[in-house]
Amino acid sequence: MASVLEKTIRGAVTAGVTGLAGLNRKRLSDDSPFLSGLHTPMADEVTLTDLAVSGRIPPELDGRYVRIGPNPHFADGKGHHWFTGDGMVHGIKLKDGRAEWYRNRYIRSNALQEAGGPSAAPGPRRGMSDTVNTNVIQVAGKTLALVEAGSYPAELSDELETIAYSDFGGGLAGSFTAHPHHDPVTGEFHAICYDAAAPNRVTHVALDAQGTVMRELPIAVRNGPSIHDCALTAHYVVIFDLPVTFSMKALLSGHKFPYRWNREHRARVGLVRRDGGPTSVTWHDVDPAYVFHVANSYEDEQGRVVIDACAYETMFDGDGGGPAGRNLGLERWTVDPSGGAVTRVTLDATPQEFPRPDERYFAQPYRYAWATGLPEKESADFVGPAPLIRHDLQAGTQIERQFGPHAVLGEFVFVPRHADAPEGEGWVMGYIIDRDSETTDLAILDAATLEDVARVRVPHIIPPGFHGNWLPAA
């Protein structure tokens with residue numbers, strides 16, 4: 001349990017606390033694995049239109065594959081964490097069987113401008129930080145770059161320039177998330193949002209199909225849990241209140257990402273009704289673990305909530321500069337809304353992350369999911385050779401595709417062949433770095449076999465990032 005002193009300080013991070021953190025930061029090592037090697041930040045924004053293509057780009061693909069990640073403009077290794085760098089998007093536009101361009105662009109934040117980078121974009125801000133670096137999605141025809149726990153989203157143009165920061169037309173008062181989930185049945189987006197400045201609550205934020213905020217429902221928690229993702233079913237939004245919480249000790253020590261594994265924090269899963277108030281939340285104990293990402297979630301025939309997610313034994317159990325903890329593979333968590341603890345079953349013990357379904361089936365029973373494997377051995381920079389995995393959850397089987405000892409995969413996303421294609425019929429696409437040639441491919445693979453359909457070559461390393469999505473043309 002947090003000490004009385006920590007509880008007192010945590011209520012408001014004063015200038016004195018910030019000053020002490022800055023002083024202690026100077027004593028930390030500046031040797032960060034997330035600022036060198038494959039993670040070396042790109043120095044320039046570029047536009048490339050002469051891209052080499054192998055194979056045949058399906059003519060049905062009309063849109064952009066865009067991925068975002070950290071790209072510190074001014075790389076100070078002391079206290080650096082992979083999750084805190086300036087945001088940069090990397091996108092490739094496909095149309096009529098051609099690769100029209102590759103672009104990389106910074107998210108134009110005030111923080112970037114103050115560090116000597118490009119001028120900041122207009123729009124409302126909240127809090128001290130407006131760095132956005134974690135996800136890129138479409139909401140009501142707009143492209144939005146997202147981050148959790150602090151900044152409002154940033155709206156991007158089709159060419160990936162930052163147009164303005166957005167609070168959804170004044171409807172959003174608090175923080176947002178990197179992972180709002182879209183319900184393809186209703187068109188709504190639902191999210192669980194947290195804020196380091198408000199450790200005693202999280203918020204259920206819901207948007208309608210037009211991107212208008214329908215509600216911000218505060219839900220009481222303790223210790224300031226870090227909640228990266230949520231889950232969604234026809235009637236519930238799922239809260240992962242797990243043992244990674246705000247650490248005043250880490251903050252005062254100078255670390256820029258002040259969340260740590262907290263053995264004394266009760267691990268639990270909350271179910272809040274999509275149309276209910278705070279009293280509708282039911283809490284269910286679960287064995288200590290951490291979840292970054294959900295593959296899918298739905299209600300079974302008995303009304304139980306089923307959640308498929310990649311789980312970790314622990315996370316941030318120390319002062320490393322990135323995620324560190326033993327990955328337990330893809331698990332199925334089942335929760336009975338009427339009461340009782342969460343049951344956990346391993347679906348595939350292969351270390352893996354970034355699980356993605358056919359998004360047309362999100363919050364519904366489904367069959368297929370794709371996930372990016374993790375290196376067999378934990379590495380300081382979190383990357384290494386690993387397979388891409390296709391799960392057939394109905395048959396209980398997997399297909400793996402290896403890409404060789406020099407390949408580093410990012411997140412792959414499923415794209416249906418057309419709007420009415422059967423589940424899983426289409427392609428998966430994502431970036432693959434080749435360490436040997438120092439290039440990056442946008443790989444388009446057959447979703448069923450994981451065999452190559454086409455590759456678009458970018459003649460440099462796109463640093464490993466976070467989330468990538470296919471953004472179809474309007």
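Which residues lie nearest the centre of the largest cavity? They are Phe382, Val383, Val408, Leu409 and Gly410, among the 19 residues that line the cavity.

This is a predicted model, in which local features need pLDDT of at least 70, side-chain atom pairs count only at pLDDT 80 or more, and totals for chains, interfaces and linings use all residues. Residues are numbered from 1 along each chain as its sequence is written, and side-chain values use heavy atoms, with hydrogens and water left out.

## Cavities and a pocket

Rolling a probe the size of a water molecule over the atoms shows where empty space is left. Here the search runs on a 1 Å grid over the protein atoms alone. A cavity is a set of points where a 1.4 Å probe fits but cannot get out. A pocket is an open set with protein on both sides within 12 Å along at least five of seven lines. Lining residues have an atom within 4 Å of a point. Grid points are joined across faces, edges and corners, and a volume is the space filled by probe spheres set on the points.

The count comes to five cavities of 30 Å³ or more. Strand E25 (368-373) and strand E28 (407-409) each supply at least two residues of its lining. Strands (E, at least two residues) and helices (H or I, at least four) are DSSP runs, numbered from the N terminus.

The second largest pocket has a volume of about 1,000 Å³. Its lining takes two or more residues from each of strand E6 (135-139), E10, strand E20 (290-299), strand E24 (352-357), strand E29 (413-416) and E33. The lining counts 44 residues, of which His182, Arg356, Glu359, Asn469 and Trp470 lie nearest the centre.

## Strand pairing

Strands of a sheet pair through backbone hydrogen bonds, either parallel or antiparallel. Two strands count as paired here if DSSP finds at least two bridges between them.

E33 also belongs to an open sheet of five strands, in the order E1-E5-E4-E3-E33, with antiparallel pairing. Strand E1 (47-48) and strand E33 (468-472) stand at the edges with a single partner strand each, so one side of each has no neighbour in the sheet. Inside this sheet, strand E3 (residues 63-70) and strand E4 (residues 87-95) are joined by eight antiparallel bridges. Arginine 64 has lysine 93 in E4 as its bridge partner.

Strand E15 (residues 236-241) has six of its six residues buried, so it is largely enclosed by the rest of the structure. Buried means under 20% relative accessible area, exposed over 50%, and partly exposed in between (1.4 Å probe, protein chains only). Both faces of E15 are covered. Tyr236, Val238 and Phe240 are buried on one side, and Val237, Ile239 and Asp241 on the other.

E15 pairs with strand E14 (residues 231-232) in the antiparallel sense over two bridges. A hairpin of three residues joins E14 to E15. Leucine 232 stands opposite valine 237. E15 also pairs with strand E18 (residues 268-273), again antiparallel, over six bridges. There, phenylalanine 240 faces valine 269.

| Residue | Relative accessibility | State |
|---|---|---|
| Phenylalanine 176 | 3% | buried |
| Histidine 255 | 11% | buried |
| Threonine 334 | 15% | buried |

Contact means heavy atoms within 4.5 Å; neighbours within four places in sequence are set aside in what follows.

Phenylalanine 176 lies in the loop between strand E9 (162-165) and strand E10 (181-182). Its contacts include Leu146, Pro153, Phe168, Cys193 and Leu207. Its C-alpha atom is 6.3 Å from that of tyrosine 152, 24 residues apart along the chain.

Histidine 255 sits in the loop between helix H4 (248-252) and strand E17 (259-261). It touches Arg25, Leu28, Gly79, Ala250, Arg260 and Asp319.

Threonine 334 is part of strand E22 (residues 327-335). Its contacts are Arg304, Val305, Val306, Ala341, Val342 and Thr343.

## Charges over rings

A charge sits over a ring if NZ of Lys or CZ of Arg is within 6 Å of the ring centre and within 35 degrees of the ring normal. Arginine 125 lies over the face of tyrosine 165, 3.7 Å from the ring centre. Arginine 268 has its charged end over the ring of tryptophan 283, at 3.5 Å from the centre.
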